[in-house]
Amino acid sequence: MDQIVVTGGTRLEGSVPVLGAKNAVLKQMVAMLLAPGSHRLTNVPGILDVELMGRVLDHIGAECKPDGHDLIVEIPDDLRPEAPLELVRQMRASIIVLGPLLARNGTASVAFPGGDDLGARPIDMHLAGLRALGAEFELEHGTVVGRAPNGLTGAEIDLEFPSVGATENILLAAVLARGETVLGNPAREPEIQDLVVQLTAMGADITGAGTSRMVIRGVGELHPVDHRVVPDRLEAGTYAIAGAISRGRVRVDHCLPDHLRMELKKLAETGCEVKRGDDWFEVEGPDRPRPIDFATLPFPGFATDMQPQMVALLAFGNGTSVVTENLYDARFRYLGELMRMGADVTTEWQHAVIRGSERLSGCPVLAPDIRAGAALVLAGLRADGYTIVSDIQHIDRGYEGFVDRLASLGAVIERRSA
Ligand code: EPU
């Protein structure tokens with residue numbers, strides 16, 4: 001197991017490019033199952049999650065060939081419609097294969113994903129949406145076994161909450177269903193919009209992506225395409241906060257600042273100077289961040305996947321911030337590690353009260369999940385002495401070359417074997 005060792009105190013300066021979005025590419029790999037033939041994705045990040053999703057597709061019968069930042073995927077005519085537990089445990093987003101496999105094969109068996117470090121993470125809305133399209137499900141010994149004996153038929157579906165995964169599962173089934181599906185209150189995340197760009201190029205008929213009502217008219221078949229993955233707003237935002245927390249100035253290139261409007265607005269409220277163009281932005285950090293309050297919400301609200309990084313910044317603030325987490329019941333678990341570094345934090349249900357400190361002190365910490373792992377490294381950029389972050393396989397799931405990129409900005413950081 002590797003560790004990241006970061007020595008605090010250096011101001012980061014320079015520019016860093018970001019790659020395609022993890023949370024887009026994983027679903028776009030699954031979308032390929034809808035059309036036999038040779039597909040290509042470009043701007044694919046070299047991250048562990050892409051490898052893990054590749055294993056899921058391999059199991060289903062596809063062949064994934066990485067080529068630098070391109071990924072070529074061959075989809076056969078006949079699929080093996082299942083995702084077993086050993087793969088689903090490693091790659092939770094595997095549940096998204098349910099919709100496309102039902103659409104293509106009329107059956108699908110996917111291990112029930114269960115909860116993870118962020119909380120219980122149920123899939124009731126995925127299943128309810130697919131049931132409305134005509135699927136039937138049984139939970140058999142921990143596996144969700146789905147059948148669509150009469151095929152899938154379009155329906156009116158209203159999501160109680162704009163779940164990213166449920167929207168994707170329904171979308172990936174409805175594109176090949178008979179007739180029209182009207183999806184009310186879908187997720188509006190940029191990654192969903194990019195999935196719709198890919199599906200539309202494949203021949204799907206979808207309107208309303210990015211709004212509160214999507215209409216999907218089923219088509220008889222889809223064809224393979226080449227698609228460039230939308231930039232990763234969460235990777236971009238993480239480097240922005242790396243610049244801010246270190247009191248440095250970091251420019252993030254190859255990104256879409258419009259996808260980070262709320263996060264950049266809140267960074268400006270902390271006293272950061274933010275400049276932006278169409279495909280870049282630059283953040284210069286203040287000496288001490290001003291305290292702010294924020295609540296995580298579905299897009300275009302403040303992203304839950306930027307919450308830990310922002311909290312790391314506020315831990316150095318010159319006042320008290322209140323952060324409300326509305327997406328996950330266990331997303332504050334990492335605060336215990338931040339407190340080991342000296343952060344003054346209390347939590348009450350989904351609220352965290354962060355009393356900013358002038359200094360934190362480096363120490364060994366564990367990365368509990370992707371974003372919290374990144375946040376602990378960011379805290380280490382400013383803490384006194386060394387911060388040693390273990391369990392960094394979580395960080396590898398979502399960030400290509402995290403250590404090298406931070407080092408290129410001047411961070412004193414290395415990856416070493418534990
Ligand atoms: N939910 C339900 N029932 C459902 C589906 C979701 O109650 O059927 C709840 C979840 O338990 C959670 C909330 O709704 O409390 C949001 O879940 P959502 O379905 O929107 O999230 P997801 O599809 O499981 C994706 C990202 C997450 C990101 C969330 C929210 C991927 C692979 N994952 O998860 O990304 O936090 O959307 O934006 O796209 C990450 O990248 O680090 C990460 C965790």
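**From the backbone to the ligand site**

Modeller: His-141 is placed in the loop between β8 (136–140) and β9 (143–147); helices (H or I, at least four residues) and strands (E, at least two) are DSSP runs, numbered from the N terminus. The model is a predicted one, in which local features need pLDDT of at least 70 and side-chain atom pairs count only at pLDDT 80 or more, whereas totals for chains, interfaces and linings use all residues. Residues are numbered from 1 along each chain as its sequence is written, and side-chain values rest on heavy atoms, with hydrogens and water left out.

The phi angle of His-141 is near 50°, a positive value in a residue other than glycine. With a relative accessible area of 85%, His-141 is exposed; exposed means over 50%, buried under 20% and partly exposed in between, with a 1.4 Å probe and protein chains only. Trp-349, in the loop between β20 (344–348) and β21 (351–355), also has a positive phi, near 50°. Trp-349 counts as exposed at 78% relative accessibility.

A further backbone feature is the peptide bond from Phe-299 to Pro-300, which is cis, with omega near 10°. Pro-300 belongs to the loop between β18 and α10. The loop between β18 (294–295) and α10 (307–314) also holds Thr-304, which counts as buried at 9% relative accessibility. The side chains of Thr-304 and Glu-325 are joined by a polar contact of 3.0 Å. Such a contact is a pair of N or O atoms within 3.5 Å; within protein, one must be able to donate a hydrogen and the other to accept it, and residues adjacent in sequence count only if both atoms are side-chain atoms.

The aromatic side chains come next. Rings of Phe, Tyr and Trp (its six-membered ring) pair if their centres lie within 6.5 Å; planes under 30 degrees apart count as stacked, over 60 as edge-to-face and the rest as tilted. By this rule there are three aromatic pairs. The rings of Tyr-239 and Phe-402 have centres 5.9 Å apart and planes at 40°, so this pair is tilted. Tyr-239 in helix α8 (residues 233–245) and Phe-402 in helix α14 (residues 402–408) are 163 residues apart, and their pair links distant parts of the chain. Both Tyr-239 and Phe-402 are buried. The pair of Tyr-399 and Phe-402 is likewise tilted, because its ring centres are 4.9 Å apart and its planes stand at 40°. The relative accessible area is 2% for Tyr-399, which is buried, and 4% for Phe-402. Through ring pairs, Tyr-239, Tyr-399 and Phe-402 form a cluster.

An N or O atom in the side chain of Lys-27 is 2.6 Å from an oxygen atom of the ligand. In the side chain of Asp-124, an N or O atom is 2.7 Å from a nitrogen atom of the ligand. Ser-163 has a polar side-chain atom 2.6 Å from an oxygen atom of the ligand. On its own the ligand has 830 Å² of accessible area, and the protein covers 86% of it; accessible areas come from the Shrake-Rupley method with a 1.4 Å probe, and for residues only the protein chains shown count as cover.

Because 10 of its 11 residues are buried, α6 is largely enclosed by the rest of the structure. Its buried residues include Glu-168, Asn-169 and Ile-170.
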